[in-house]
Amino acid sequence: MNLGQVYTKRMVADFMTGLFTIADGSGVLDPCMGHGVFIHSLLSNTDYHVTGVEIDAESFRRFDNPAPERCTLRQGDFFDVEGEFDGIIMNPPYVRQEEIDQMAPLGVTKQKLQSACGLMTISTKANLYMYFILRSILLLRDGGELIAIFPNSWTNTPVGRQFREQMVYYGSITDFINVEGEAFEGSPMVDVCIMKFVKGCMGTTTCQVMRIVGDTYTIETDKGQDKSRRGNLVKLKATASIRRGITTGANKFFVNPPLFTQEHLVSILSSPKDFSGYSTKHCRKDNLLAIQSTAVLNEEEATYLHNSAIAIQKEGKPRTLKQLIEAGQPWYYITIPEPAQIIFSYIVRSNLKFVLNEGKCNVRDNFYMISSTRDPLLLLALLNNYHVYVQLENCGKTYGKGLLKLQKYDIDDIELPRLGLISESDNEKLVGLAKALVDSGDERRIEDITAVLAPYYGVENAKERFAQLRKKRLTTHE
C-alpha cells in the first residue's frame, strides 16, 4: 500500500518552523508526523504545545515522545481529528487520486476525504496532499497559520487552480518558497515548494527561492524569473493532439488473423521492439483485421468472425465484446485514424524516446499518437530532450523491473517552450538536430537539443537530474 511517505531534512524543518509568527504557547498540529522531524524541531526551537498524528502504526510505534509535558501523540487518521489549532505544519503524503481508495484498509477513501473537507469543492483528480491542506485550513483558528512543503506541480494545472481558489477563499498565501535541491531524506528528485497560509488574512504573497546544496541552504528573493519562465511554457496538449493508438479489445482475434484474403488487412506497428532508433521508416509490422462499418464480408471473413464470436462467448472475455455479441450488435468494427507524426510508447524502461513516424504506421494502443500543424521535426526536438525526460520521470508511475507507465494526462501536461518565443535561429538548430537524431540515432543530439532549450526552461542541469531520477527508478526495482 502506497502511503506517500517522504521525509523532510531537519534543516528544512527548522526553516519551516521559523516561519511561524503565532504567539508563544500556541497549539501546533503535525497531522502526518512520520519520523517526527517537525515534532523535534518545534520542541527544540519554540515553546509551542505540539500534537502529532500518524496513521502508519509502525512509524508511530518507533517514535518515542521526547517531551510528554508539551507533546501529545496520536496514532490514527488525521481526517478523524477535530478541534481548532493555532498552527499546523506538515509534509503531507503524496498519493495520486487513482491510488487513494487502495488505502481503504486504513479507513481512508475519497468519499471520506471529500466529507472531511466539508463544502469545499475538490476535484476527483486531487492528490492526497491537497485534501490534507484543505482539511488543515478548516481546523485552523482565525489568524492561524499553516506551513507545508509539497510538490509544486499543482501551480499550472486546472486541478491546482481550483485547489488555490479554495485556499484563498479562507485566507491568504503569505509566503511561497520554491525549493531547488534536495529537501528530503533519500534524495527523491521532486520539485517542491514551501507555503505559508494565514487563515482570515488578506494580502500579497512574498516569493522566495530556497537553494539547497548538501547540508546548507540559502534564501533569495524570487525576482520573478521563475514565474517568467513558467509563462514561457505551454502544455503539449495546447500545441498538439494526443491520443492512444488503435484498440481492438482482443488482439489474438484481430492481429495477424489466419486469413488468406487480404482485403481488410492493414499494417500495424505493435511493439517498440519492432523498430530501432528514432524513426519507423524501417520497422517490422503486423497485420490488423480492420473491418469498417460499410464493408462487405466475404465467406472466409464471415466464418472466421463467427467462430471468433463463439470463442469469446465461451471464454467470457473480453467482456465488452461479449456483451456486443450477446446483444446481436457488430463487435468487430475498427476505425483507422490518420497516422500520427510522432509516436511514444505507453510503458518504457531504460529509454524515453519520441519517434518520428516516417513509415506512416498505424500503431496499437500501447503507443501514444502525437500530431500537430507544426514541423514534425521541430516537435520531435521539443519532445526528445532532458527537460521533457525529467518531467516524465517525475510524473510517471513505476512498476516492477523499473518500468515507467505514462498516462495520457501525463503526456498532455508536458511543458514545452511557447513556439512563438523560439527564435528563428534556434528553430533552425532544433529542426537540424532532430533530423540528425533521426538519421543517425546518435543520442548525443539529445544533449545538443537540451542545450538549445535550456534558456527557455531556465534550467542548466537537466541531463544530470534525469540521470539521477532514472538511476533511482531502475535501482529501486532491481
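Which strands does helix H6 lie across?

Modeller: Keep in mind that this is a predicted model. Helix H6, residues 158–170, lies across S5, S6 and strand S7 (192–199), and its direction is at about 135° to S6. Now for the sheet those strands sit in. It's an open sheet of 9 strands with mixed pairing, and the order goes S3-S2-S1-S4-S5-S7-S6-S8-S9. At the edges you'll find strand S3 (71–75) and strand S9 (216–221); each has a single partner strand, so one side of each has no neighbour in the sheet. On average, neighbouring strands are turned by 15° against each other, ignoring direction.

S6 covers residues 171–180 and runs parallel to strand S8 (residues 206–213), with 6 bridges joining the two. If you want a spot to look for, Val 179 stands opposite Met 210 in S8.

Another helix to look at is H2, residues 37–45. Helix H2 lies across strand S1 (27–30), strand S2 (49–54), S3, strand S4 (85–90) and strand S5 (140–151). Its direction is at about 175° to S2.

One last stop is Cys 193. The structure holds 0 disulfides, and Cys 193 has its nearest cysteine sulfur, that of Cys 207, 11 Å away. Cys 193 is buried, with a relative accessible area of 0%.

Technical notes: Residues are numbered from 1 along each chain as its sequence is written. This is a predicted model: local features need pLDDT of at least 70, side-chain atom pairs count only at pLDDT 80 or more; totals for chains, interfaces and linings use all residues. Side-chain values use heavy atoms; hydrogens and water are left out. A disulfide is a pair of cysteine sulfur atoms within 2.5 Å. Buried means under 20% relative accessible area, exposed over 50%, partly exposed in between (1.4 Å probe, protein chains only). Two strands pair if DSSP finds at least two bridges between them. Helices (H or I, at least four residues) and strands (E, at least two) are DSSP runs, numbered from the N terminus. Axes are lines fitted to C-alpha atoms, for helices over the stretch in contact, and angles run from 0 to 180 degrees between N-to-C directions. Contact means heavy atoms within 4.5 Å.
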